[in-house]
Amino acid sequence: MASALFMEFVDSTALSTALPTLSAAFGTDPIHLKLALTSYILALAVLAPASGWVADRFGPRRVFMVAMSVFLLGSVLCGFSRTLPQLVLFRTLQGLGGALMTPVGRLIVVGSAPREKLVSALSWFTMPALVGPLIGPPIAGLILGVADWPWIFFVNVPVGLLGMLAVARFVPELPQPHPGPFDWKGYAIAAVAITLTIVAVETLGVGLVPPETQLGMALVAVGAGVLYVRHALRRHRPVLDVRLVKVATFRASIAGGGLVRMGLGATPFLLPLLLQVGLGWGPFEAGMMTIGTGLGAMSCKPLAPWVIRKLGFRATLTGSNLAAAVLTAVPALFRVGTPIPVIVVTLFVSGFVRSLQFTAINAVAYADIPPEKMSQASTMAVVTQQMALSVGISFGALMLHLARGAGELPLTPDRFLMPFIAIGVVSSLAGFLFRRLPEDAGSRIGGRAARAS
């Protein structure tokens, strides 16, 4: 199942590394190329609410295979794009495939693993996905050094085909109870709220849409959100079950995790621009440098279950959040004269801490969710995660736009000071939510139980 995550992360990190090259190829500002990143996330966030019902209705394994096929088709078409609108369109098609791959893959793993093994299962499930960010940037740098940028998309084809063969060979059919009729009304309302929220944030402060139009989209998005909540509370099985937020561990995971993922979403957008445009590095050198993040993340995965058992979810989440927020902001200080070992170590430690944090966030979400609600919880988690990533990219781009000033000054290293510090501060706000968890939160799935008084 992790083959899909591996392919997605290779694709996204390779694309982030290639942003300056694509900027030159399409003749557009690097900041505007965030559309190539957020169009994928928008498609994923809009379709993901239906993923739980689709998986229950047609079978997780079959849906997963179809989703991988759609993702591969979108990848090939992205490679044939010749304008930014074409690339955005085909990235959207990729997102439609990813919308089913990610939540359905997680649903299969979460639904199959025993509760006491859930933390380890999720940790190992995401391990191969961490190889994607590890090799994505250097692959992109190597491709851009010897070939043209379309090959950063074509490389998905052999990876995806091997993944599909592995799924066909090893993943069994998992019969699901019939989910009942699909909540079309709720889905339509939720899609309007999600789409307008992401579009309003995407266009904020960059002059693409008049301010009054942005305000109108924001108001409609808020209204649709309120309308959806009222609809969902009256329906037995809504497309997004908002009643799940009553569960403290799930609420902390999606709310706190959302703030953390804003930093995660902004970093792959800002860091390649800092290294290549700000510091003047080539794409291969920049790609090789970001290997540190992937190595740090991979080295943490075998240790994460032990740390969570030793410290408990609350202490793990609060401690790792503070450390990750600081490390998210540290690239603001990178300059031309910064020693390369300092950059590598910073990225390595950042990857380690983030990996620990996300293992805890992803696992605690399902700690107190009953088995019959797992598909709804997985769907809800993926939607909020993708919206947070999209908002993070747009927030980072907005901060960079403001740092450049009205005259659109060159992207010198000092222009990245405010964006990195801003996303670090936003990420740190999750700590207040994590501290409100009880000490024994998640003890049933591997967290430390509260001490007897």
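What covers the buried residues of helix 2? In this predicted model, the cover includes helix 1 (residues 2-17), helix 3, helix 6 (residues 84-112) and helix 12 (residues 248-278). Helix 2 itself spans residues 19-26, and its buried residues are Leu19, Pro20, Leu22, Ser23 and Phe26. Viewed down the axis of helix 2, these buried positions fall within an arc of 160 degrees, so they line one face of the helix. Just after helix 2, Gly27 adopts a positive phi of about 65 degrees.

On the side of helix 1, the contact involves Ala4, Leu5, Met7, Glu8, Asp11 and Leu15, which meet Arg91, Gln94, Gly98, Met101 and Thr102 of helix 6. Classified by residue type, this contact of helix 1 with helix 6 comprises five nonpolar, three polar and three charged residues.

The crossing of helix 3 past helix 10 is right-handed. Lys34, Leu35, Thr38, Leu42, Ala45, Val46 and Leu47 of helix 3 are in contact with a set in helix 10 that consists of Tyr187, Ala191, Ile194, Thr195, Ile198, Val199 and Glu202. By class, the residues of this contact of helix 3 with helix 10 are 10 nonpolar, two polar and two charged.

A further helix pair is formed by helix 15 (residues 304-311) and helix 16 (residues 313-329), whose axes come within 6 Å and cross at roughly 115 degrees. Helix 15 and helix 16 are therefore roughly perpendicular to each other. Val307, Ile308 and Leu311 of helix 15 make the contact with Phe313, Ala315 and Thr316 of helix 16. The residues in the contact of helix 15 with helix 16 divide into five nonpolar and one polar, with no charged residue.

Helix 16 also contains Arg314. Apart from neighbours within four places in sequence, Arg314 is in contact with Phe434, Arg435, Leu437, Pro438 and Glu439. The C-alpha atom of Arg314 is separated by 24 Å from that of Gly111, the two residues being 203 residues apart along the chain.

Phe80 is located in the loop between helix 5 (residues 60-79) and helix 6. With a relative accessibility of 52%, Phe80 counts as exposed, because the class of exposed residues begins over 50%. When residues up to four places away in sequence are not counted, Phe80 touches Gln86 and Phe154. Phe80 and Phe154 are 74 residues apart along the chain, and their C-alpha atoms are separated by 9.5 Å.

Notes. Residues numbered from 1 in each chain as written. Predicted model: local features only at pLDDT ≥ 70, side-chain atom pairs only at ≥ 80, totals over all residues. Heavy atoms only, no water. Left-handed = near helix turned anticlockwise from the far one by under 90°. Helix = DSSP H or I, 4+ residues; strand = E, 2+ residues; numbered from the N terminus. Contact = heavy atoms within 4.5 Å. Nonpolar A, V, L, I, M, F, W, Y, C, P; charged D, E, K, R; others polar. Buried < 20%, exposed > 50% of the residue type's maximum accessible area, 1.4 Å probe, protein only. Arc of directions from axis to C-beta. Axes fitted to C-alpha atoms, helices over the stretch in contact; angles between N-to-C directions. Parallel < 35°, antiparallel > 145°, perpendicular 65-115°, else oblique.
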